[in-house]
Amino acid sequence: MYYGRKKGIIIAIIVIIAVIVLAIFVFLTIFSERKSQIQLENTMYLTQFCTGSENLTSAVQAFAVTADEKYYQEYMDELEVVKNRDIALEGLKKNGLEDREWDMINNISNLSNELVPLETSAMDSARAGDT
């Protein structure tokens, strides 16, 4: 009888350990999946930021060469309506980046924003016939 009781206790301990290991595995899987999801979202937001910047650059270059108002309108739409860069930055904020990552993103964003007056000036020159 003593051996049967000891065997039952050992089986119970093994079951408890198995449940704990399974719980740890499930937790780590969920944590890893969420981290992967955040990385994917961040990649998508960074791509969106680049798309917005490229849209602005393409529109200003086309307008500077042609002075066609449709390119000016594309530029203004991206800057003031579509706002890919702004949407991307808001998405990145909700995902909680590290300080060093924010430093790089803020630097890139500031450089992009500093181009707006230069691009506007280039379009004004094109509009005045200085192409």
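1. Overall architecture. The protein has four helices and zero strands, and reading along the sequence gives the pattern α-α-α-α. Helix α1 covers residues 2-66, helix α2 covers residues 69-82, and helix α3 covers residues 84-94.

2. Dimensions. The radius of gyration of the protein is 28 Å, whereas a compact globule of 131 residues would have a value near 14 Å. The C-alpha trace spans about 105 × 25 × 20 Å along its principal axes. Of the 131 residues, 22% count as buried. The accessible surface comes to about 9600 Å², and carbon and sulfur atoms account for 63% of that surface.

3. Charge. There are 12 positive and 19 negative side chains in the protein. The centres of these two sets are 22 Å apart.

4. K94. This residue belongs to helix α3. Is K94 buried or exposed? K94 counts as exposed because its relative accessibility is 57%, and the cut-off for exposed is over 50%. Leaving aside residues up to four places away in sequence, K94 touches E41 and Y45. K94 and I11 are 83 residues apart in sequence, and their C-alpha atoms are 47 Å apart in space.

5. Backbone at the loops. Two residues other than glycine have positive phi. A67, with phi near 60°, is in the loop between α1 and α2. K83, with phi of about 55°, is in the loop between α2 and α3. A67 counts as partly exposed because its relative accessibility is 30%. K83 also counts as partly exposed, because its relative accessibility is 35%. Both values lie between the cut-offs of 20% and 50%.

6. Confidence. The mean pLDDT of the protein is 91, and 97% of the residues score at least 70. Where pLDDT is low, the predicted coordinates should not be read in detail.

Conventions. Residues are numbered from 1 along each chain as its sequence is written. This is a predicted model: local features need pLDDT of at least 70, side-chain atom pairs count only at pLDDT 80 or more; totals for chains, interfaces and linings use all residues. Side-chain values use heavy atoms; hydrogens and water are left out. pLDDT is the predictor's confidence in each residue, from 0 to 100. The radius of gyration is taken over C-alpha atoms; the globule rule is 2.2 Å times the number of residues to the power 0.38. Buried means under 20% relative accessible area, exposed over 50%, partly exposed in between (1.4 Å probe, protein chains only). Accessible areas come from the Shrake-Rupley method with a 1.4 Å probe; for residues, only the protein chains shown count as cover. Lys and Arg count as positive and Asp and Glu as negative; His and the chain ends are not counted. The place of a charge is taken as NZ of Lys, CZ of Arg, CG of Asp or CD of Glu. Contact means heavy atoms within 4.5 Å.
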